[in-house]
Amino acid sequence: MKILVCITNVPDTTAKISFTDNNTKLNKAGVQYIIGPYDDYALARAVELKEQQGGSITVLNVGEAESDPQIRKALAIGADDAVRVNAEPTDSYFTATQIAAIAKEGGYDLILMGRESIDFNSGVVHGLVGEMLGIPSFSPVMKLDIEGSTAKFAREIEGGKEFLEAPLPLVLGCQEPIAEWKIPNMRGIMTARTKPLKVVEPVVVGDMATLDQYTLPAPKGACKMISADQAETLISLLKTEAKVL
C-alpha cells in the first residue's frame, strides 16, 4: 500500500504573531515552526498502518526551504521519502492543486492529511484534492483501519460519530484520537538524513484569491464581576456585550 501524507509547516501554537509591510506579510522573525498538529495525527496513523501491513509512506509539503526541518522530522518518525513543492502555499486551491498533481503521478492508495492547518484553518484542502482526483474524501476522521482494499473509519459529525466503509483510493482529513503522536528516536533521526527529499517546482495556478491584510484578534476586555443576585444584569450583558445569547 502506498500512502501519501501531506504536512503543513505552521507556527507553534505558543508563538507570538505579528505582521509587516502594512499588515500584508507574516513577520517570521523569531517564530518557531512545527508540523501541523492534525497532520501529526495523520502521519502517526500512516506509520502504524505501514507497520501492520507493509507498504511505503511519502511525505508531501507545499512550502519553501524553511519547511525542510519539519519534513526531516516526518522522515525520522517513519516516512520513507518526501516531496516538497517549492512554493509558498498562498491559498487552499493552490495547495490542493499541487497535492493532486503529485498524487496523480505517484498513484497512491491512501492520501492522509490533517483535518485543517492551524494557521489558516480553512479545512477544505482534502475535499478539493478528492474532487480534483475524482475519488472520495472524508473528514474529520477519528479512527481508521484498512482491510484489503477497503477502508473502515469513523468520523465526527454533529451530535455523534458516523461509521463508514469505502474502497481505496481515498482522501482523509484526520484528527485525534486516530493515533498518538510519535516522537522520533535517535535511529530515526540519523536515518532521516539519508532518506530522499525531492524538491519540485509548482504547477502553475491562476490567482483564486487576493490578500488585503492581516489583523490580530481584538484584545481581551476587562473582566466584569456580577454578584449572584444580579442575574438580570448578567443576562443583559451576555446579550448586548458578549453577544452569546
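UniProt positions are given here in the numbering used for this structure, with feature names shortened, and such annotations may be inferred rather than shown by experiment. This is a predicted model, in which local features need pLDDT of at least 70 and side-chain atom pairs count only at pLDDT 80 or more, while totals for chains, interfaces and linings use all residues. Residues are numbered from 1 along each chain as its sequence is written, and side-chain values use heavy atoms, with hydrogens and water left out.

**View 1. The annotated span, residues 23-209**. An unreviewed UniProt entry places the annotation "domain: Electron transfer flavoprotein alpha/beta-subunit N-terminal" on residues 23-209. The end C-alpha atoms of this span lie 17 Å apart, and the span is 31% helix and 32% strand; helices (H or I, at least four residues) and strands (E, at least two) are DSSP runs, numbered from the N terminus.

**View 2. Aromatic pairs of the structure**. The structure holds 4 aromatic pairs, where rings of Phe, Tyr and Trp (its six-membered ring) pair if their centres lie within 6.5 Å, and planes under 30 degrees apart count as stacked, over 60 as edge-to-face and the rest as tilted. The pair of phenylalanine 19 and tyrosine 214 is stacked, because the ring centres are 4.9 Å apart and the planes stand at 10 degrees. Phenylalanine 19 belongs to strand 3 (residues 19-20) and tyrosine 214 to the loop between strand 13 (197-200) and helix 6 (231-240), 195 residues apart. Ring pairs link Phe19, Phe120 and Tyr214 into a cluster. Tyrosine 41 and tryptophan 181 form a tilted pair, since their ring centres are 5.3 Å apart and their planes at 40 degrees. With tyrosine 41 in helix 1 (residues 37-53) and tryptophan 181 in the loop between strand 12 (170-174) and helix 5 (186-192), this pair ties together parts 140 residues apart in sequence. Buried means under 20% relative accessible area, exposed over 50%, and partly exposed in between (1.4 Å probe, protein chains only); tyrosine 41, at 14%, counts as buried, whereas tryptophan 181, at 48%, counts as partly exposed.

**View 3. The largest nonpolar core**. A nonpolar core is a set of buried Ala, Val, Leu, Ile, Met, Phe, Trp, Tyr and Cys residues joined through side-chain atoms within 4.5 Å. Of the 38 residues in the largest one, Val5, Leu110, Leu112, Leu144 and Leu170 touch the most other members. Helix 1 gives the most to this core, with 8 residues. Apart from this core lies another, of 21 residues, among them Leu60, Val125, Ile135 and Val200.

**View 4. Histidine 126 and valine 129 in helix 4 (residues 125-133)**. Histidine 126 is buried, with a relative accessible area of 8%. A polar atom of its side chain lies 3.0 Å from the backbone oxygen of arginine 115, and the side chains of histidine 126 and serine 139 make a polar contact at 3.3 Å; a polar contact is a pair of N or O atoms within 3.5 Å, of which, within protein, one must be able to donate a hydrogen and the other to accept it, and residues adjacent in sequence count only if both atoms are side-chain atoms. Valine 129 counts as buried at 0% relative accessibility. Not counting residues up to four places away in sequence, valine 129 touches Ala96, Ile99, Met113 and Val171, contact meaning heavy atoms within 4.5 Å.
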